[in-house]
Amino acid sequence: MIQHLGPPYRAVALSTHSRVDQLIEQTRRLRPVAIAVTGESDTAYLRSLFGQMGVECFFGPSGLIDLVQHPQVDIVLSAVVGAAGLPAAVSAVDAGKKLLLANKEALVIAGSLLIPRARQRQTEILPIDSEHSAVFQAMQAGRRQEIRRVILTASGGPFRKASLSEMENARPRDALRHPTWNMGEKITIDSATMFNKAAEIIEAAWLFDLEPDQIEVVIHPESVIHSMVEFVDGSVIAQLSPPDMKTPIQYAITYPERLSGCGKRMDWTSEWALHFEPPDPKRFPALSIAYEVIRVRGTLGAVMNAANETAVSAFLAEKIRFGMIWRVVENTIAQHHVILNPTLDDLLQADQWARRTAEAWIRRQG
Ligand code: MG
């Protein structure tokens, strides 16, 4: 992507947690000025290897903070999974860098911290998640106050046509078949429960400053329309492109410009159709949990995220049935005492509390 774009875009800094071989290959090819390795690594070897290339090295979790604050960095693309990326995202915002978020957890966990902070520092936070990129692109068709609501599309996942009882008792192998996107195990389960979409509702609420009644979800199995914005006059603007993350990544990097793309293109030479259906709230309770989270906000998103992660691990380890995942989350949320304007520490503590509470509840069920 960065090589496709060419100057003035350049990879100034790169990081990895554990894919050190890939980092070495990319450092040789892209010649950044700094790198960070946050996981275990042979620091002496890497220091001498990168030192010879004239590359500054940072190690350990704080390495990411050094990296995002580097004076040559203008744009930070954060794709760190889970809460681990939060301190670096906060310091990118504090340092006034444009922050591109690929992981929705950052806003689900810490929207109540990141968004006010970014507003204060006048830092831009732009989405890479395909739905939010689509909303952001469609929003360019009108003024902020002309937006009536946004419509997030969802593939519906592997259980779109399953019955409630099939879903209740589903095993990991049933839930791991995803029709459109090829993703990791955790996110594929999230797509089956629709906790992925729940997270996206919360992400949209923070990113675009929306109230619960301004966010709708529609199942669209082809995943060609990535989301839509309805304006006050009744016009709906949709963004379409083949399922390929290169398009949203590039838009976030080059916004407000559009440059020649390197993703797949739409093919209009044969007959095809797009389908839409409303999600069934009985089979996908994750969605109403998300609306509850954005009504309350504060630490509740962090709790939803952590409880869901705990429940998904238990499901993949075959400790609980599929139908228990949302119950774990709902139960954990019900027990939480919300902090409305949390610090980073409050959020990380809420995350830990939710994991312990969810685990204890899962143990009691077994
Ligand atoms: Mg998405």
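Which residue just after helix 5 takes a positive phi? That residue is G96, with a phi of about 75°. Welcome to a predicted model, in which local features need pLDDT of at least 70, side-chain atom pairs count only at pLDDT 80 or more, and totals for chains, interfaces and linings use all residues. Residues are numbered from 1 along each chain as its sequence is written, and side-chain values use heavy atoms, with hydrogens and water left out. Helices (H or I, at least four residues) and strands (E, at least two) are DSSP runs, numbered from the N terminus.

**The magnesium site**

- The magnesium ion has D129 (OD), E131 (OE) and E200 (OE) as its protein donors, at 2.1 to 2.2 Å. Donors here are N, O and S atoms within 2.8 Å of the metal (3.2 Å for Na, K and Ca); water is not among the atoms, so sites may look incomplete.
- Along the sequence, these donor residues follow the spacing D-x1-E-x68-E. Distant parts of the chain are linked by D129, in the loop between strand 6 (125-127) and helix 7 (130-139), and E200, in helix 11 (residues 195-208), which are 71 residues apart.
- D129 counts as buried because its relative accessibility is 8%, and E200 is buried too, with a relative accessible area of 1%. The cut-offs are under 20% relative accessible area for buried, over 50% for exposed, and partly exposed in between (1.4 Å probe, protein chains only).

**Helix 5**

- Helix 5 (residues 86-94) is mostly covered, with seven of its nine residues buried. They are L86, A88, A89, V90, S91, A92 and V93.
- These buried residues pack against helix 4 (63-68), strand 4 (75-78), strand 5 (98-101), helix 6 (105-121), strand 6 and helix 16 (344-365).

**Around T38**

- T38 sits in the loop between strand 2 (34-37) and helix 3 (43-52). It counts as buried because its relative accessibility is 17%.
- Leaving aside neighbours within four places in sequence, T38 is in contact (heavy atoms within 4.5 Å) with T16, H17, G60, P61 and L64.
- The side chains of T38 and H17 are joined by a polar contact of 2.9 Å. A polar contact is a pair of N or O atoms within 3.5 Å; within protein, one must be able to donate a hydrogen and the other to accept it, and residues adjacent in sequence count only if both atoms are side-chain atoms.
- The C-alpha atoms of T38 and S18 are 7.4 Å apart, while the two residues are separated by 20 residues along the chain.

**Backbone details to check in your viewer**

- P7 and P8 are joined by a cis peptide bond with omega of about 5°; P8 lies in the loop between helix 1 (2-5) and strand 1 (13-16).
- Another cis peptide bond joins Y255 and P256, again with omega of about 5°, and P256 belongs to the loop between helix 12 and helix 13.
- R31 is not a glycine, yet has a positive phi of about 50°. Its place is the loop between helix 2 (20-30) and strand 2, and at 46% relative accessibility R31 counts as partly exposed.
- S223, also a residue other than glycine, has a positive phi near 50°. This serine lies in the loop between strand 8 (215-219) and strand 9 (225-231), and S223 counts as buried because its relative accessibility is 6%.
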